[in-house]
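Here's a quick tour of a chain, written for someone who likes cut-offs spelled out. Have a look at the sequence and structure first.

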Amino acid sequence: MAATPPPVSVPPPVDVPKRGDRTTFSDRLDAFISWFGPGFTNLAAMVANAYANAQTAFNSAGAASGFADNAQSSASLANDHKIAAGNSATAAAASAASAINAPGTSATSTTSLIIGPGLQTLTLAQTGKSFTPGQTVVIPSIASPGNQMTGVITAFNAGTGAMTVNVSSVLGAGTFASWAVALSGKTGDAGAIVNPVAIGSLIAMSQTANLVTQNGYDYLRTGVLASSASYPSAPLQNVFSDTTRSITSSNFSGVASGNGITVAVVSGSATGQISYDNGNTWSPVTLPSANGYLAITFGASLFVAVGIGVCATSVDGINWFARTIAAQNWTAVLYDGVNYVAVSSSSSVGTYSANGIAWFASAMPSSQAWGALSSGNGLILATLNAGSSNVAASSADHGQTWTLRVLPKSFTFESQNSAFGTGVFVVLTIDPAFSDTNCVFTTADCVTWNVRNYGVIANQTKTMTSAGGMFIGTRGGSTTCYTSTDAGVTWVPKTMTVAHNTKYTCVANGGRVIGLSNGSTTVDIFTMAYGRGYHIALFADQQNQSIPLYMRMS
């Protein structure tokens, strides 16, 4: 048998991921993961080729035994090939081990796991790795990289390699016992799922969807779309439910959610709370200042908390860094897609920052108890959080300058009284005389306002929130809340299971609203979805953009 040419070498990427270089880390990690499976297959093929050629040379030496000199030469050459093959195998194994062990946040595992959402526990084959809770990791099958899980690390022991991951997104299905583990790469790449949610989670679609039917099941077509007339409209959904969870502390002053992490801050304390499962369970987390914080937001992969002359930022909700900010009582903060913006409860000074680190002053239209922020339609709306007034303000340049706005009536306000959704701002107020139910104001541009009838005297109003295509207004100590599915025009009472006392809310995982009170250890959880809704059951062909993706309809 003649010797065969070796396969073409597929070297690993030259650029190693560096945790300190955030601008290139994701691209380099993506390149490494893409090489991971094919690269090892290529190395194995090279070793097999070298050994096969060595065996061929050895057999040739045996066949030439009648020619002593030639046989000796052939045997020596065969032995050289065999040694070279062994060296190649050793080098290949060393390269593989180096590729796995060199990065502090890349590893493998032989734990047998069934692909699925929720908590997954595995043991890394390598110890001493630098993973930390709060990081997002991708876990692809080495043998079949199209089958993988992505989630947030909730527990990790570097000494034993034991790791627990709260999986929020999966591709493929099945049971595997050979995994790669690495920090998650970029979202939003070709075919990637931005803000992934778990299989079975509810996604509300406020617009008419395009459907296809395969094997008796309806699927939402999310890739290349044919004419909308080709598919029927999806059925309409209107989902609302409420429940509670317990937490170990109280006096909360703000809550924010992002990247599968929810963080609550406490006034007058450096100890906040963190949740990796959308508010179901919580654990303490320490922030830099014992003064505590009055508000928190999430945006651009960063948590930003502000308070009485204090500011802190964190990418994972656990490791916090103090930042310098002006000495004001910063009672509200948000990220509008460009800047982090904060307002004060007792000043005509606002502030904004592009990165949460360097903050710049802005002038508010007047000195008021500014304390609520919402953003949409390229605008930021600021309203008050105390007192009786018809004053508001808007910014069209991401918090750098502000314009005075006048609401239709002088009413009083609670801490979180505005929200943006379905193209409009909605502000919920309280009539000081407790007699006027026309206490909701809506606007698309912060200039022209409409007065809406809430249907009830809104005393003890606590929050206004938009989620899942629906607005919800809560009332302190009441078993009734009010929802709107038509941009705040009409309101429908909802009877809740308990009397919630929600004062601060955030939206996590689509239609889940997490609410906290500043005097209770109870966490309020509302599930809201309005529109044409689906439960995710299948994603297919994330690589080939010419073929559509599908979600199975609920």
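Is Ser314 buried or exposed? Ser314 is buried, at a relative accessible area of 2%; buried means under 20% relative accessible area, exposed over 50%, and partly exposed in between, using a 1.4 Å probe and protein chains only.

## Ground rules

This is a predicted model, in which local features need pLDDT of at least 70 and side-chain atom pairs count only at pLDDT 80 or more, while totals for chains, interfaces and linings use all residues. Residues are numbered from 1 along each chain as its sequence is written, and side-chain values use heavy atoms, with hydrogens and water left out.

## The chain overall

The chain has two helices and 41 strands. Both are DSSP runs numbered from the N terminus: helices are H or I with at least four residues, strands are E with at least two. Of the 554 residues in the chain, 47% are buried. Take the contacts (heavy atoms within 4.5 Å) between residues at least 6 apart in sequence: 54% of them join residues at least 24 apart.

## Back to Ser314

Ser314 sits in strand E19, which covers residues 311-314. Its side chain reaches the backbone oxygen of Asn319 at 2.9 Å.

## Strand E26 and its two partners

Six of the six residues of E26 are buried, so the strand is largely enclosed by the rest of the structure. In a regular strand, side chains alternate between the two faces of the sheet. Both faces of E26 are covered: Leu379, Leu381 and Thr383 are buried on one side, and Ile380, Ala382 and Leu384 on the other.

E25 and E26 pair in the antiparallel sense over six bridges; two strands pair if DSSP finds at least two bridges between them. Ala372 is opposite Thr383 in E26. The hairpin of E25 and E26 has two residues between the strands, and Asn377 takes a positive phi near 55 degrees there. E26 also pairs with E27, again antiparallel, over three bridges, with Ile380 having Ser395 in E27 as its bridge partner. That hairpin has three residues between the strands, and Gly387 in the turn has a positive phi of about 80 degrees.

## Two nonpolar cores

A nonpolar core here is a set of buried Ala, Val, Leu, Ile, Met, Phe, Trp, Tyr and Cys residues joined through side-chain atoms within 4.5 Å. The largest one has 37 residues, and Trp370, Leu373, Trp402, Tyr454 and Trp491 touch the most other members. Strands that each supply at least two residues of this core include E25, E26, E27 and E28. Leaving aside neighbours within four places in sequence, Tyr454 is in contact with residues including Leu428, Cys439, Val440, Tyr482 and Trp491.

Apart from this core lies another, of 19 residues, among them Ala107, Leu122, Val170 and Leu183. Over in strand E8 (residues 179-183), five of the five residues are buried, so E8 is largely enclosed by the rest of the structure. Strand E1 (residues 106-109) pairs with E8 in the antiparallel sense over four bridges, and Ser106 stands opposite Ala182 in E8. Strand E4 (residues 136-140) is joined to E8 by two bridges, also antiparallel; there, Val137 has Leu183 as its bridge partner.

## An open sheet and a lone salt bridge

Four strands make an open, antiparallel sheet in the order E29-E30-E31-E32. E29 (418-421) and E32 (450-452) are the edge strands, each pairing on one side only. Three bridges join E31 (residues 440-443) to E32, with Thr442 opposite Asn450.

How many salt bridges does a search of the whole structure find? One, where a salt bridge is a side-chain nitrogen of Lys or Arg within 4 Å of a carboxyl oxygen of Asp or Glu. The pair is Asp436 and Lys409, with the closest N and O atoms 2.7 Å apart. Asp436 lies in the loop between E30 and E31 and Lys409 in E28, so the pair ties together parts that are 27 residues apart in sequence. Lys409 counts as partly exposed, at 26% relative accessibility.

## Buried Asp524

Asp524 lies in strand E39 (residues 522-531) and is buried, with a relative accessible area of 3%. The side chain of Asp524 makes a polar contact with the side chain of His500 at 2.6 Å. A polar contact is a pair of N or O atoms within 3.5 Å; within protein, one must be able to donate a hydrogen and the other to accept it, and residues adjacent in sequence count only if both atoms are side-chain atoms.
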